[in-house]
There are 2 protein chains.
Amino acid sequence: MSVDGEDIKREHDPPDSPCSVGRTQAERMCLFGEPGKPLVLESGETLGPVEVEYESYGTLNPQKDNAVLVCHALTGDAHAAGWDKGPYGPLREYRRTKPGWWDSMIGPGKAIDTDRHFALCVNVLGSCYGSSGPSSKNPSTGRPWGLSFPIVTVGDWAKLQVAVLDRLGIGTVKTVIGGSMGGQLVLELGLAYPDRFRGLAILSAGHRLTTQGLAFNAVGRNAIIKDPNFRYGDYYDRESPSSGLSVARMLAHITYLSEESMGHKFGRRLRGKEVPDFTLTGIEFEMESYLNHQAQSFVSRYDANSYLYLTRAMDYYDAAAEWGEGSLPKAMSRLRAKTLVVSFSSDWLFPPELIREMVSAMCRSRLPVSYVNIPSRYGHDAFLVETGRVSRLVRSFLQHVG
Amino acid sequence: MSVDGEDIKREHDPPDSPCSVGRTQAERMCLFGEPGKPLVLESGETLGPVEVEYESYGTLNPQKDNAVLVCHALTGDAHAAGWDKGPYGPLREYRRTKPGWWDSMIGPGKAIDTDRHFALCVNVLGSCYGSSGPSSKNPSTGRPWGLSFPIVTVGDWAKLQVAVLDRLGIGTVKTVIGGSMGGQLVLELGLAYPDRFRGLAILSAGHRLTTQGLAFNAVGRNAIIKDPNFRYGDYYDRESPSSGLSVARMLAHITYLSEESMGHKFGRRLRGKEVPDFTLTGIEFEMESYLNHQAQSFVSRYDANSYLYLTRAMDYYDAAAEWGEGSLPKAMSRLRAKTLVVSFSSDWLFPPELIREMVSAMCRSRLPVSYVNIPSRYGHDAFLVETGRVSRLVRSFLQHVG
């Protein structure tokens, strides 16, 4: 398991299944390319032109009112459903054998029913999956940006998502939905563009990280930055800081699971032996082996600089500070959409207590909010794992939004 | 805060205070030095001679029945109370300005009252604070052992503690007490030598690590091992893997605290500014600054190899497997001593649920066990922070043991 769904064991609908969106092909658009009209970022810096990668499934109806915007998590991408046609390229090789990260939710007859909806997923700024980011070429130098890429925030991502909607001619979006970092983006879209979304569905995410979340992100970034191959982000033509990135990923991975799920899946089981080898540097426990495996597969598909940018954006996100001068109820009073909030009992990265703070603040403004805390042992990852329960909730929420 | 008490803000009794054990001087003994009689380790390897560092406070009475053995935690040492006389040497410089790690508990009139007790603290095998370990010289090569030092376990530590008692002529110990890794050692001593201890006091520790605990240790060791300066443990005459060790420490430190204490102490406060600098590699939040500071001070006083050895020993510890063929009640039925077990409500490294499993197993054998779960926001570190409550419990437990 992992917040990008990489490891979730499930039956995949093959591309020719009637429930699959089939073979997919990412699209690109170039925004803020007009001279003098760059994207103005929250940091005060500007960026333009901005490349954006997105995928869509289903058909936009003539009234253009059936769009469902799907927001991906930290290490996710625009490839939310179906099977990528390729070509895959360096960081996308993993797509050869796996469907999109939320394939269980998006497709004909699924919760986000593409027979009725136009599902759209846009890769965030700073990522390494097609939208402009530190690994993209800086047009003014012809070399990868590296750390000269400007700092991006959840607010900047929201701006870009809306710019994509504008370009596609979509005025009002039926519902925007996402989990984890994607859920932060959903909330921000609802706050920054209250009249643009009729429905918000926020899963496993709150109005800010916990202090522990800030701390874990800091450790992960430290591991990357201290890797001698990091070279202040300028590593694209040499070895990448994969050791640091793998440590960051192992750590993050623990925060996506729960003691209950890890205990159930691995416990203290040794890896392929009955008695320990007594080794410090080798693998003894299944748990270690699993984390190592996850980290190895991750470093082959993700860019360390993007990891820095996106975790920092999560750090900065604080809806109360941004929209309510520190008051969460004041911030939440900006919302206009019907809202669904889902937490999971064993999620300790965005724990139910934190999410309930947000829901309470929404309730104080008498917003039409439905809140469900799903009992689950799958921790933060549950939003990707508890497919059945999440599907039922999302399906009926979309009906309710109408 | 930290499990070695490094950062705990408290009034220190100065060396001339009537409540302080005053100026202290570590002692050394050499054990298992006789040819053909080495220490036989759980891994099957042997070690001898073995150097042991220890400190003692108070006076052993003529009956030799007033000894209280104190077991230190992961990064602790034999210097449990008072003010080290020095000389300090490389890894001990921090002692110049700080008393022993449990000075709040040990001294004239304190919970472990040195007017009545002979308190003894022995540095564990594999540490870097005086007892034989990877940074000690291998007598057969004249060079530091590095990773050729044999793997040690909690069971091996217990053997060595008892060898020290034997050498000091102490038969039965009144009580052995320790927290965290020290608490694991207390349990093991009670199981391996049931008739040697009249009292066991186990704080913030259980019969095994959680699966999450195994996972965090694996990530910490990975950070060290992947540091290019690690050189498979052979770094003593060059730069040490301090980057890896600092990442391991930052991570471990998070597990010693709790969301509540971190939220209360740091929250989302920025470090010395009102608005963020928008930096990826610099410090934005107080929380980051604190972790960095902790890591920096730690790497100047601890050896990376020792960190590998001691965390691995914690991993391996499984009282049920070792003493009960997998059955915890069976293992616990070996115990003979009066026992005090203390957990702390917000400890998630050794969570109360895990500790209660152990206590339940003890109760099934109708052992004289007292269990207290102290409500505290200080997480795993609480056993070092909640001085008042812990002191009262320990004081009355020692009276009860008599």
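## Sheet of chain A

Two strands pair if DSSP finds at least two bridges between them. Helices (H or I, at least four residues) and strands (E, at least two) are DSSP runs, numbered from the N terminus. In chain A, 8 strands make an open sheet with mixed pairing, in the order 2-5-10-6-11-12-13-14. Its edge strands are strand 2 (27–31) and strand 14 (369–374) of chain A, each pairing on one side only. Neighbouring strands of this sheet are turned by 20° against each other on average, direction ignored. Axes here are lines fitted to C-alpha atoms, for helices over the stretch in contact, and angles run from 0 to 180 degrees between N-to-C directions.

This is a predicted model: local features need pLDDT of at least 70, side-chain atom pairs count only at pLDDT 80 or more, and totals for chains, interfaces and linings use all residues. Residues are numbered from 1 along each chain as its sequence is written, while chains are lettered from A and ligands numbered from 1 in the order in which they are written.

## Strand pairs and covering helices in chain A

Strand 11 (residues 175–179) and strand 12 (residues 199–203) of chain A run parallel, joined by 4 bridges. Within this part of the sheet, I177(A) stands opposite A201(A) of strand 12.

Two helices of chain A deserve a look here. Helix 10 (residues 352–364) of chain A lies across strand 13 (338–344) and strand 14 of chain A, at about 160° to strand 13. Helix 12 (residues 387–401) of chain A packs on the sheet and touches strand 11, strand 12, strand 13 and strand 14 of chain A. The direction of helix 12 of chain A makes about 170° with that of strand 13 of chain A. Contact means that the C-beta atoms of two residues, placed from the backbone, lie within 7 Å.

## Sheet of chain B

Chain B has an open sheet of 8 strands in the order 2-5-10-6-11-12-13-14, with mixed pairing. Strand 2 (27–31) and strand 14 (369–374) of chain B are the edge strands, and each pairs on one side only. On average, neighbouring strands of this sheet are turned by 20° against each other, direction ignored.

Strand 12 (residues 199–203) and strand 13 (residues 338–344) of chain B run parallel and share 5 bridges. L200(B) has T339(B) in strand 13 of chain B as its bridge partner. Helix 10 (residues 352–364) of chain B packs on the sheet, touching strand 13 and strand 14 of chain B, and its direction makes about 160° with that of strand 13 of chain B. Helix 12 (residues 387–401) of chain B also packs on the sheet. Helix 12 of chain B touches strand 11 (175–179), strand 12, strand 13 and strand 14 of chain B, and its direction makes about 170° with that of strand 13 of chain B.

## A helix pair in chain B

Two packed helices are described by the angle between their axes and the distance between the axes. The axes of helix 1 (residues 154–168) and helix 2 (residues 181–192) of chain B come within 9 Å and cross at roughly 70°. Helix 1 of chain B is therefore roughly perpendicular to helix 2 of chain B. Angles of 65 to 115 degrees count as roughly perpendicular, under 35 as roughly parallel, over 145 as roughly antiparallel, and the rest as oblique. The crossing of helix 1 of chain B past helix 2 of chain B is right-handed: the near helix is turned clockwise from the far one by less than a right angle.

From helix 1 of chain B, V154(B), G155(B), W157(B), A158(B) and Q161(B) meet Q184(B), L185(B), E188(B), L189(B) and A192(B) in helix 2 of chain B. The residues of this contact are 6 nonpolar, 3 polar and 1 charged. Ala, Val, Leu, Ile, Met, Phe, Trp, Tyr, Cys and Pro count as nonpolar, Asp, Glu, Lys and Arg as charged, and the others, Gly among them, as polar.

## How the chains meet

The contact takes 42 residues from chain A and 43 residues from chain B. On the side of chain A that touches chain B, two or more residues come from each of helix 3 (211–225), helix 4 (242–256), helix 5 (259–265), helix 6 (286–299) and helix 7 (304–316) of chain A. Helix 3 of chain A gives the largest share, 10 residues. By class, this side of chain A has 25 nonpolar, 9 polar and 8 charged residues.

A rotation of 180° with 0.0 Å of shift along its axis superposes chain A on chain B, with RMSD 0.0 Å. The two copies are thus related as by a two-fold rotation axis. Superposition is by least squares on the C-alpha atoms of residues with pLDDT of at least 70 in both copies. Of the interface residues of chain A, 98% are also interface residues in chain B, so the copies meet through the same surface.

## Backbone details

The G86(A)–P87(A) peptide bond is cis, with omega about 0°. P87(A) lies in the loop between strand 7 (83–84) and strand 8 (106–107) of chain A. In chain B, the peptide bond from G86(B) to P87(B) is cis, and omega is near 0°. K64(A) has a positive phi, near 55°, and is not a glycine. K64(A) sits in the loop between strand 5 (50–57) and strand 6 (67–71) of chain A.
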